[in-house]
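Let's take a walk through this one together, a piece at a time. Have a look around first, and then we'll start with a helix.

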Amino acid sequence: MTRTALSLLSTLTLAFGGCSPADAPAGEDAPALASDPASPDDCLLLVWSSQEERHAQFDRTHDFVDGGAISCATGTSASQFDAAIAALRDAASSGNKRRMLEEIGLPLLYIDAAGNRREIEDRGEVEAVFDEIFDPAMIALLQRLDLSQMSVAKDQGGFFTLGAVWLVVDRDGGRPRLMTVNRQALDEALEIARDQAERNQGDRVPFD
């Protein structure tokens, strides 16, 4: 899948929302995106107070994404998300299963193509079904993650491609981890992109 394709899918997120890691799977009502009256500057100050190392300029410049301010919505900073995204992207590109497992949080919520939900609490169990969860299409998505394409949902985390993957923070100021993989959402996003391409509403998207 090309960067153009993922950019298209990210744009679709604005129109269709994302699947919450705790709520309904893709195809049902999506959560409202973050809307917090708190000042982003106040949120960043609170986040930084929990961090030993700060990246103030980066965090201020990249705090706003689809859905609002990362700091207010998730309780951590853009630099922490950026580091987690880069690690996931590199691990997926390496083909090293161990590196991928290091970026996964537990319990991992896996939603298959049929919408069946499964919470996997053991890392060994994740490894046993790794090839089912991280098939070529999902690996291709992870290889092209970029902070600029992320959306946030208040108190839930950051998500990509209609909620196909969710990164969630487990402590204030901390680094997020991959906590939800939703193949149903990815398939829906690909179908939407295909339909748009067939209507000549956007660039043609390769699906092979």
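Which residues in helix α2 are buried? They are Cys 43, Leu 44, Val 47 and Trp 48, in a helix that covers residues 40-48. Buried here means under 20% relative accessible area, exposed means over 50%, and partly exposed lies in between, using a 1.4 Å probe and protein chains only. Looking down the axis of α2, you'd find these buried residues within an arc of 130°, so they line one face of the helix. That arc is taken from the directions running from the helix axis to the C-beta atoms. An α-helix has 3.6 residues a turn, so residues three or four places apart point the same way. On the other side of α2 sit Leu 45 and Leu 46, both exposed.

Before going on, a word on the model: it is predicted, so local features need pLDDT of at least 70 and side-chain atom pairs count only at pLDDT 80 or more, while totals for chains, interfaces and linings use all residues. Residues are numbered from 1 along each chain as its sequence is written, and side-chain values use heavy atoms, with hydrogens and water left out. As for the names, helices (H or I, at least four residues) and strands (E, at least two) are DSSP runs, numbered from the N terminus.

What covers the buried residues of α2? The cover includes α3 (56-62) and α4 (70-74). Leaving aside residues up to four places away in sequence, Gln 51 touches Thr 76, Ser 77, Gln 80 and Gly 173, where contact means heavy atoms within 4.5 Å. Its side chain reaches the backbone oxygen of Gly 173 at 3.0 Å.

Now for the strands. Six of the eight residues in β3 (residues 104-111) are buried. β3 runs parallel to β8 (residues 177-182), with four bridges joining them, and Ile 104 has Leu 178 as its bridge partner in β8. With β4 (residues 117-120), β3 pairs in the antiparallel sense, again over four bridges; strands pair if DSSP finds at least two bridges between them. Here Leu 108 is partnered by Ile 120 of β4. The hairpin of β3 and β4 has five residues between the strands, and Gly 115 there takes a positive phi near 90°.

Notes
A polar contact is a pair of N or O atoms within 3.5 Å; within protein, one must be able to donate a hydrogen and the other to accept it, and residues adjacent in sequence count only if both atoms are side-chain atoms.
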